[in-house]
Amino acid sequence: MVFFRTVSLLSKLRSRAVQQPNLSNSVRWLQMQTSSDLDLYSQLKELVPEQQERLKKVKSEYGKVQLGNITVDMVLGGMRGMTGLLWETSLLDPDEGIRFRGLSIPECQKVLPAAKPGGEPLPEGLLWLLLTGKVPSKEQVDALSKELRSRAAVPDHVYKTIDALPVTAHPMTQFATGVMALQVQSEFQKAYEKGIHKSKYWEPTFEDSLSLIAQVPAVAAYVYRRIYKNGEMIPKDDSLDYGGNFAHMLGFDSPSMQELMRMYITIHSDHEGGNVSAHTGHLVASALSDPYLSFAAALNGLAGPLHGLANQEVLLWIKSVVDECGENISKEQLKDYVWKTLNSGKVVPGFGHGVLRKTDPRYMCQREFALKHLPDDPLFQLVSKLYEVVPPILTELGKVKNPWPNVDAHSGVLLNYYGLTEARYFTVLFGVSRSIGICSQLIWDRALGLPLERPKSVTMEWLEKYCKKSS
């Protein structure tokens with residue numbers, strides 16, 4: 001078997017150039033996709049040499065430029081505010097939120113191809129954008145969808161490995177185990193063992209990454225159906241796109257739920273490189289661990305309560321409000337419940353962010369979806385009240401830099417409305433989404449030859465001596 005494959009016959013097809021809507025001057029650099037080539041691999045092969053030269057130029061011209069000062073607070077505070085990673089696929093601004101290759105979420109919704117007119121962006125389109133920096137045509141997205149479907153079959157040994165775990169194991173444990181079991185098919189590992197030149201590392205990494213992205217929905221759906229639906233599996237539907245097919249395999253075939261899944265995967269896919277899951281994937285991959293090993297490690301970081309598990313905690317907390325106070329709770333009652341939560345030493349889940357200093361655009365995107373599709377849902381109305389009640393209380397406390405809701409504050413309520421009520425499973429959905437961003441950057445890590453990550457650590461004694469000497 002050749003260790004990497006392209007889109008074969010698809011690469012010979014041609015698509016017409018599609019006129020895209022105008023964007024603001026802030027994204028003037030964006031290359032609108034007019035190439036007739038439907039093959040994502042060949043697109044990358046053209047881009048890699050010029051980006052390699054660009055990196056060499058940055059290193060030679062700016063290698064000694066300082067990017068800021070490191071303080072003791074940064075060392076002790078989780079390295080917050082410390083610039084120390086290259087992450088090409090997205091950039092997070094504290095005030096305006098995430099931009100995917102320069103495009104904000106509203107801009108992505110305008111220019112990325114959708115399954116239907118005026119619908120949510122197809123995740124395949126975002127994958128193309130993250131990898132190439134170009135907005136794809138609908139024909140290119142359809143070709144990529146077909147390519148992912150051709151890679152989506154999961155070997156039986158993966159399901160047997162998951163079945164070896166107790167059905168009561170946390171969904172993230174089962175999901176990460178499934179991803180690890182996929183690793184035996186790694187083309188990067190095979191190529192490395194055969195002595196592939198480092199300039200070609202990105203090619204089997206591309207192969208592994210596309211296969212991984214294609215297969216994780218089936219693995220995730222298997223975990224869901226195993227735990228919650230008596231093991232009754234639903235095969236993939238080759239007529240559906242990536243997000244729609246994932247919803248289908250989970251057991252949800254309503255058009256609105258499929259639209260929600262497209263939006264969910266798109267907005268959760270990437271959030272620059274400093275968050276736990278993205279950084280973990282990058283760190284492990286810097287040791288030349290293949291995409292399967294790297295992404296499995298990222299999933300274990302995502303499973304933490306301070307990262308991806310937060311979306312589970314939000315819905316459980318909201319349901320606790322309803323259980324104690326009812327669905328028609330007043331704002332004053334809600335204020336009392338929020339204070340009760342805070343005074344008990346707990347946090348209000350879904351509020352605050354390590355970087356953002358305003359309402360998360362991913363929250364606003366989901367809010368707009370809810371206003372369109374489920375404006376009268378009692379839990380959505382409760383979330384809307386929390387948006388009004390919680391930030392002033394957190395501001396009054398004075399202990400948080402960002403009192404505004406984040407992406408986790410809303411996603412659980414949307415999923416719950418369409419029948420996906422199992423909160424313990426929500427982080428698996430996050431994991432499927434994050435495969436797109438982590439794997440896209442991992443391909444570029446190998447294409448750019450980024451080195452082994454090895455920051456310096458110090459002891460408290462070293463800090464004390466250094467600071468006393470410097471004062």
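Trainee: What makes E332 and K335 a salt bridge?

Mentor: In this predicted model, the closest N and O atoms of E332 and K335 are 3.5 Å apart. The cut-off is 4 Å between a Lys or Arg side-chain nitrogen and a carboxyl oxygen of Asp or Glu, so the pair counts. Both residues lie in helix α15, three residues apart, about one turn of the helix.

Trainee: Why is K335 called partly exposed?

Mentor: Its relative accessible area is 34%.

Trainee: What makes E324 and K340 a salt bridge?

Mentor: Their closest N and O atoms are 2.7 Å apart, and the limit is 4 Å, so this pair qualifies too. The bridge links distant parts of the chain, with E324 in helix α14 (residues 310–325) and K340 in helix α15 (residues 331–343). E324 has 47% relative accessibility and counts as partly exposed, as does K340 at 46%.

Trainee: Are R99 and E107 buried or exposed, and how do you know?

Mentor: R99 has 16% relative accessibility and E107 has 10%. Buried means under 20%, so both residues count as buried. Their side chains meet in a salt bridge at 3.0 Å, N to O, and E96 is linked with them in a network of salt bridges.

Trainee: How many salt bridges does the rule give in total?

Mentor: The count is 17.

Technical notes:
Residues numbered from 1 in each chain as written. Predicted model: local features only at pLDDT ≥ 70, side-chain atom pairs only at ≥ 80, totals over all residues. Heavy atoms only, no water. Buried < 20%, exposed > 50% of the residue type's maximum accessible area, 1.4 Å probe, protein only. Helix = DSSP H or I, 4+ residues; strand = E, 2+ residues; numbered from the N terminus.
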